[in-house]
Amino acid sequence: MQHQSKLPTIGTTIFSVMSTLANKHNAINLSQGFPDFNSDQKLKDLVTKAMGSGYNQYAPMPGNMELREAIADKIHLLYNAIYTPETEITITAGATQAIYTIISTFIRQNDEVIIFRPAYDCYEPAVEVNGGKTIGIQLEAPHYKIDWNNVNKHFSAKTKLIIINTPQNPSGSVLLEDDMLALQKLTKNTNCIVLSDEVYEHIIFDGLQHQSICKFPDLKSRSFITASFGKTFHNTGWKVGYCCAPKVLMDEFRKVHQFNVFSVNNPMQKAFADYLKEPDHYLELSQFYQQKRDLFLNLIAPSRFKSIPAKGTYFQVLDFSEITQENDVAFAKELTIEKGLAAIPLSVFNENNKDYKVLRFCFAKTEDTLKKAAQILNHI
């Protein structure tokens, strides 16, 4: 049987490649972004309780109403923004599904979508498979700041969607208020939609405040927010997230969502609804992960790697240019096979695979894991 691929240039993701390599060589895996510690026992007990209470059949298509109400309360508490639970919040099978569904809902043949590189790798394939064209704008290492004058040069009547990610994976950078105001000015009085990937909203450091897109009224009126309970509560394998948007956009989203997912794991939705009633469960995350970031950076201080501390996420980018000039993919594989430590090369997320000689390390790990990783890095 012969067929024409809709994604002819797409192979196995770098996350799968590096994790497979790590498993094969019994390496410490700081490549893929998942914690190696358990989520709160209280949350797991709430799942068990929900199962015992009968939450085992289909949830409503938009999601458990208690959970949507809890999300609305959280957003109002943090950002003083209002989303109507009935019509403007939908529970999804993780943030990646939400992102794919948003793109599938609104992108047609030859529509242009602006993304900022290094970009999380699910964005571009979703655009391509729906016939759109990705306009990649490279953010320069080591600070990964957006040049809005450059963005303006790429923005046109064909621009249907702009995707932002703050805090950003893989760079660990964040967008500031001035960035959001520039984006608001750029898109005002246009038909452009904004997709704001905010899965690390609760993991932001050094006293910075997360600039959610819902804090800016005109942006809110044209935007989706995507979020992830897996990233927030250390259970990425549960694959539960959500998205928020004005009703006029969410109505269209749900038309597609109901046919590619319909509804999401019911007992876990009930558990998250109850768990969110205590704001400390997410308000303490920044401090929790900042301690891990600082521990990791202190542990590798004697090494030859250079770094600017991540501003958010649980990823730290390290510059290895004083160690070797080989390309980052080759160095990442060498580090895994010969030294027993897996990381992610950033060139695979860059425009034309531009290589800044940096690797991304996940520090959502136990202290023991970070100490073992640091011992390796300090002897390279």
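## Cysteines

The sulfur of C214 lies 7.7 Å from the closest cysteine sulfur, that of C244, which is too far for a bond; a disulfide is a pair of cysteine sulfur atoms within 2.5 Å. C214 is buried, its relative accessible area being 5%. Here buried means under 20% relative accessible area, exposed over 50%, and partly exposed in between (1.4 Å probe, protein chains only). C243 is in no disulfide either, as the nearest cysteine sulfur, again that of C244, is 6.7 Å away. C243 also counts as buried, at 0% relative accessibility. By this rule the number of disulfides is zero.

## Basis of the values

The model is predicted: local features need pLDDT of at least 70 and side-chain atom pairs count only at pLDDT 80 or more, while totals for chains, interfaces and linings use all residues. Residues are numbered from 1 along each chain as its sequence is written, and side-chain values use heavy atoms, with hydrogens and water left out.

## Nonpolar cores

A nonpolar core is a set of buried Ala, Val, Leu, Ile, Met, Phe, Trp, Tyr and Cys residues joined through side-chain atoms within 4.5 Å. The largest one has 95 residues, and I71, F116 and F361 touch the most other members. Helix α3 (residues 65–79) gives the most to this core, with six residues. Helices (H or I, at least four residues) and strands (E, at least two) are DSSP runs, numbered from the N terminus.

Leaving aside residues up to four places away in sequence, F361 touches L30, F296, Y314, F315, Q316, L318, L335, L341, A343 and L377; contact means heavy atoms within 4.5 Å. A second, separate core holds 23 residues, among them I102, A119, Y123 and L249.

## N235

N235 sits in the loop between α10 (229–232) and β8 (241–244) and is buried, at 5% relative accessibility. Its side chain reaches the backbone oxygen of F233 at 3.2 Å. Not counting residues up to four places away in sequence, N235 touches S39, L43, F229, G230 and F272.

## M51

M51 belongs to helix α2 (residues 41–52). With a relative accessible area of 43%, M51 is partly exposed. Its contacts, not counting residues up to four places away in sequence, are N56 and P267. M51 and K270 are 219 residues apart in sequence, and their C-alpha atoms are 9.2 Å apart in space.

How values were computed. Polar contact = N/O pair within 3.5 Å; in protein donor to acceptor, adjacent residues only side chain to side chain.
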